[in-house]
Amino acid sequence: MSKLDNSNISKHLGKSSEYACFYDASLLVREPRSSNRTHLDLQDDKLPFIGSDTWNGYEVTALSNNGLPFFCVVKFTYPCDSKYIVESKSLKLYFNSFSMTKLGDTRDEVFASIKQMAERDLSELLETTVIVEVYSNLFCIESARTIVNEWNLDEESKLSHITIEDTYTVEGTVFEKYLEDPSLLRVVDSEVPVSRYHSALLRSRCRVTAQPDSGDVFVHIKGKKTVDPISLLEYIVSFRDECHFHEEICEAIYKRLWDLLEPEELNVMCLYARRGGWDICPERASSKKLLHSSLGDASCVHVKMPRQ
């Protein structure tokens, strides 16, 4: 993948930043999605996928009017057809600016203020509809327990993907490509109606700072052709030193598989581990029915992977 212009996002990234303690929407920075999509031959008005970018923040805090701090979990989502993405460090600085800001007399008033202000600021920044929900820790625990119980009752809603590195013999495979290389993917005839693969070996690096980002990737393929799972693992590993944002990595995997296989159905979901109190979870799918039921829905608490 080619080197990208980072001038739009250099306000905070790669620089020492003093954390603001009082609300400041000017901290937010956006980046056009087109800066990476051009390289992948993706056109904003003719995307081969739908989906969303989901952000989960676990350390958001603000004050009541009498100075009592409240902590909450914030989840927000916005569609993948938006013109812009929000840059992650600017987002963390923005939400930290709530930390010493007094926003109401009660916990509910504080949470409602965070939701209202964040929805307004992010929607204006990204020129799309951003849905923000604010949850207490207790609510998250209870909701996650409910969702897991529903998965246990409903086999179809489980993430029934095969973990490649735990299922197949990979010790004899030589992994030597650590920059994205789609030529590693090998097409094979599909022996099952749907191939579902997972790997916990996804690792990429920040476009600007080169800091590592680790995550889990889930791939759903339906069609006459699929990919050899070992070759898919080689390809996933080839992102190890690739410097791109989470959303760009997800779209690259999707586009390479879409072009190679011409499948009936395709879904790629990347659940990255949190960094700085936030995790980023992009998902791209060929149809709405393939989207994960709770990931892209801000009204549903995200059930985390172990590393998140």
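**Stop 1: Arg196**

Select Arg196, which is partly exposed, with a relative accessible area of 30%. The cut-offs explain the label: buried means under 20%, and exposed means over 50%. Arg196 sits in strand E8. Keep in mind that this is a predicted model.

Now show the neighbours. Leaving out residues up to four places away in sequence, Arg196 touches Ser160, His161, Ile162, Val219 and His220. Next, pick Pro229.

**Stop 2: colour by confidence**

The mean over the protein chain is 89, and 86% of the residues reach 70 or more. Then select residues 148–158, where the pLDDT is below 50. This stretch has 7 contacts in the model beyond near neighbours in sequence. Where pLDDT is low, the predicted coordinates should not be read in detail.

**Stop 3: salt bridges**

Side chains of opposite charge can pair when their charged atoms come close. How many salt bridges does the structure hold? There are 21 salt bridges. Visit a few of them.

Select Arg107 and Asp108. They form a salt bridge, with the closest N and O atoms 3.7 Å apart. Is Asp108 buried or exposed? Asp108 counts as exposed because its relative accessibility is 54%, and exposed means over 50%. Arg107 is partly exposed, at 38%.

Move to Arg120 and Asp121. Their side chains meet in a salt bridge, 3.1 Å from N to O. Arg120 is partly exposed, with a relative accessible area of 34%. Asp121 is buried, at 7%.

Now select Asp241 and Arg203. Their side chains also meet in a salt bridge, at 3.7 Å from N to O. Asp241 lies in the loop between helix H6 (229–237) and H7, and Arg203 lies in strand E8 (residues 194–205), so the pair ties together parts that are 38 residues apart in sequence. Asp241 is partly exposed, with a relative accessible area of 33%.

Finish this stop with a group. Select Arg33, Arg37, Asp44, Asp53, Glu251 and Arg284, which are linked in a network of salt bridges. Keep Arg33, Arg37 and Glu251 highlighted for the last stop.

**Stop 4: the largest cavity**

The structure holds 2 cavities of 30 Å³ or more. The largest cavity has a volume of about 120 Å³. It is lined by 14 residues, and the closest to its centre are Ser88, Phe245, His246, Glu247 and Ile280.

Which elements supply at least two residues each to this lining? Select strand E4 (84–86) and helix H7 (246–261). Colour the lining by residue type: 7 are nonpolar, 3 polar and 4 charged.

**Stop 5: the second largest cavity**

The second largest cavity has a volume of about 70 Å³. Select its lining: Glu31, Pro32, Arg33, Ser35, Asn36, Arg37, Ile85, Glu247, Glu248 and Glu251. Arg33, Arg37 and Glu251 are in this lining and in the salt-bridge network too.

What is the split by type? The lining has 2 nonpolar, 2 polar and 6 charged residues.

Note on methods. Residues numbered from 1 in each chain as written. Predicted model: local features only at pLDDT ≥ 70, side-chain atom pairs only at ≥ 80, totals over all residues. Heavy atoms only, no water. 1 Å grid on protein atoms, 1.4 Å probe; cavity = no way out; pocket = protein on both sides within 12 Å on 5 of 7 lines; lining within 4 Å. Points joined across faces, edges and corners; volume = space filled by probe spheres on them. Helix = DSSP H or I, 4+ residues; strand = E, 2+ residues; numbered from the N terminus. Nonpolar A, V, L, I, M, F, W, Y, C, P; charged D, E, K, R; others polar. Salt bridge = Lys/Arg side-chain N within 4 Å of Asp/Glu carboxyl O. Buried < 20%, exposed > 50% of the residue type's maximum accessible area, 1.4 Å probe, protein only. pLDDT = per-residue confidence, 0-100. Contact = heavy atoms within 4.5 Å.
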